[in-house]
Amino acid sequence: EINHPHRDTAGEFALLADFARERGLVLQWSDAVLPSDLAARLTRGEGDIVIADLAPELSADQQLLSSMSMGSYHYAVYGRIGIEARDPTQLEGLRVAITLSSPLWSYLNALAAQVNGLRVVVMPDNTSREKLLAGVASGLYDAVVVTLRPQENLVAKLPRVHSLFALSASTSAVWRFPSA
């Protein structure tokens, strides 16, 4: 749940468990550090379903089918008050935190090679959004990439933090299946 606060993971797990139980199947969970590892395993036939969020380029993979949407979310960048970046190119000289399992981790690393002084601060997967945002407020880093649902206000109780910009369009929370 910490890694996917924008999804109803408990509900999704219950739905899968009910499906498996009704068909006499046993769920076997497989974890990976990077979502791309899960997608690769799925296309190699090493699993039946991926419930993690995938990077945009993997989401368009023709070898993967998608379930119906279970909600929507988008990635956004939040920063300390006083930082006025309005797009990724304006993150120059900033320390930007992101969890390692985020599908946008590789994008942010590539961006750091193009934007002068942008430093990616990789956080453990079990770091909650609240802790990430608190790190911005306390000055551990300057900005953070997080997911949020429509109409969600993550900084109501953090007066030193504000929304900088959306880093992605609205994306559907879906499960992925192999196409063959």
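The face of helix H1 that points away from its buried side carries the exposed residues Arg21 and Glu22. Buried means under 20% relative accessible area, exposed over 50%, and partly exposed in between (1.4 Å probe, protein chains only). Helices (H or I, at least four residues) and strands (E, at least two) are DSSP runs, numbered from the N terminus.

This is a predicted model, where local features need pLDDT of at least 70, side-chain atom pairs count only at pLDDT 80 or more, and totals for chains, interfaces and linings use all residues. Residues are numbered from 1 along each chain as its sequence is written, and side-chain values use heavy atoms, with hydrogens and water left out.

**Helix H1**

H1 spans residues 9–22, 14 residues in all. From its first C-alpha to its last it reaches 20 Å, close to the 20 Å expected at 1.5 Å a residue. That expected span is 1.5 Å times one less than the number of residues. Thr9, Glu12, Leu16 and Ala20 are buried in H1. They lie on the same side of H1, because they cover an arc of only 70° around the axis. The arc is that of the directions from the helix axis to the C-beta atoms. Gly24 follows H1 and has a positive phi, near 70°.

Strand S2 covers residues 72–80. It is mostly covered, with 7 of its 9 residues buried.

Most residues other than glycine have a negative phi. Gln151 is not a glycine, yet its phi is positive, about 70°. Gln151 is exposed, with a relative accessible area of 80%.

**The cavity**

A search of the whole structure finds 1 cavity of 30 Å³ or more. On a 1 Å grid over the protein atoms alone, a cavity is a set of points where a 1.4 Å probe fits but cannot get out. The largest cavity has a volume of about 50 Å³. Its lining has 10 residues, and the closest to its centre are Asp53, Leu54, Tyr73, Ser172 and Arg176. Lining residues have an atom within 4 Å of a point.

Technical notes: 1 Å grid on protein atoms, 1.4 Å probe; cavity = no way out; pocket = protein on both sides within 12 Å on 5 of 7 lines; lining within 4 Å. Points joined across faces, edges and corners; volume = space filled by probe spheres on them.
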